[in-house]
Amino acid sequence: MATQKDNDSGLQATSQLGHSRLVDKTGMVSGDTSHPLPHATPPAVSQEPYVHTVLYVSDGTAITAEVFGHAVLSQFPLAFEQITIPFVETLEKARQVRMRIDEQFRQTGVRPILFPTIVDPLVREEVLKSAACGHDFL
């Protein structure tokens, strides 16, 4: 995945396997009307530190996604709620996962972090359409 930042507009362009999109500072996708992010309720102001939701989604056991995610997240001193969703092998299961992620975003106003390891490109793309902030590293 290639990333470029436009300092004038604050937009970040990402390109992945022929798909390009602009992401602003809040993580919202700009100019992509084919898969708009769901409407989110802004998070309530709280004195407690926010716990970020992390999802490990795989068409197998999700062990690879967990190991990769733990390695990345260990670099940040933040609290994470970690959810593992294994055996997402069909489009129907992928749609259910996408709806779960989008609902999490609607409730919190914060995009969950996604670590997917799904081989089937159609199933993987369905999960990546979600409101999660993820990277397709397969």
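Me: How many helices and strands does the protein have?

Reply: Helices (H or I, at least four residues) and strands (E, at least two) are DSSP runs, numbered from the N terminus. Here the protein has three helices and eight strands, and along the sequence they follow the pattern β-β-β-β-β-α-β-α-β-α-β. This is a predicted model, in which local features need pLDDT of at least 70 and side-chain atom pairs count only at pLDDT 80 or more, while totals for chains, interfaces and linings use all residues. Residues are numbered from 1 along each chain as its sequence is written, and side-chain values use heavy atoms, with hydrogens and water left out.

Me: What describes a pair of aromatic rings, and how many such pairs does the structure hold?

Reply: A pair of aromatic rings is described by the distance of the centres and the angle of the planes. Rings of Phe, Tyr and Trp (its six-membered ring) pair if their centres lie within 6.5 Å, and planes under 30 degrees apart count as stacked, over 60 as edge-to-face and the rest as tilted. The structure holds two aromatic pairs. In one of them, the ring centres of Tyr56 and Phe115 are 5.8 Å apart and the planes stand at 25 degrees, so this pair is stacked. This pair links distant parts of the chain, with Tyr56 in strand S5 (residues 51-58) and Phe115 in strand S7 (residues 113-117), 59 residues apart. For Phe68 and Phe115 the ring centres are 5.8 Å apart and the planes are at 70 degrees, so the pair is edge-to-face. Here too distant parts of the chain are linked, because Phe68 lies in helix H1 (residues 63-73) and Phe115 in strand S7, 47 residues apart.

Reply: Buried means under 20% relative accessible area, exposed over 50% and partly exposed in between (1.4 Å probe, protein chains only). Both Tyr56 and Phe115 are buried, with Phe115 at 7% relative accessibility, whereas Phe68, at 33%, counts as partly exposed.

Me: What does the side chain of Thr53 make polar contacts with?

Reply: A polar contact is a pair of N or O atoms within 3.5 Å; within protein, one must be able to donate a hydrogen and the other to accept it, and residues adjacent in sequence count only if both atoms are side-chain atoms. Thr53, placed in strand S5 and buried at 5% relative accessibility, makes side-chain polar contacts with the side chains of Glu81 (3.5 Å) and Gln104 (2.9 Å).
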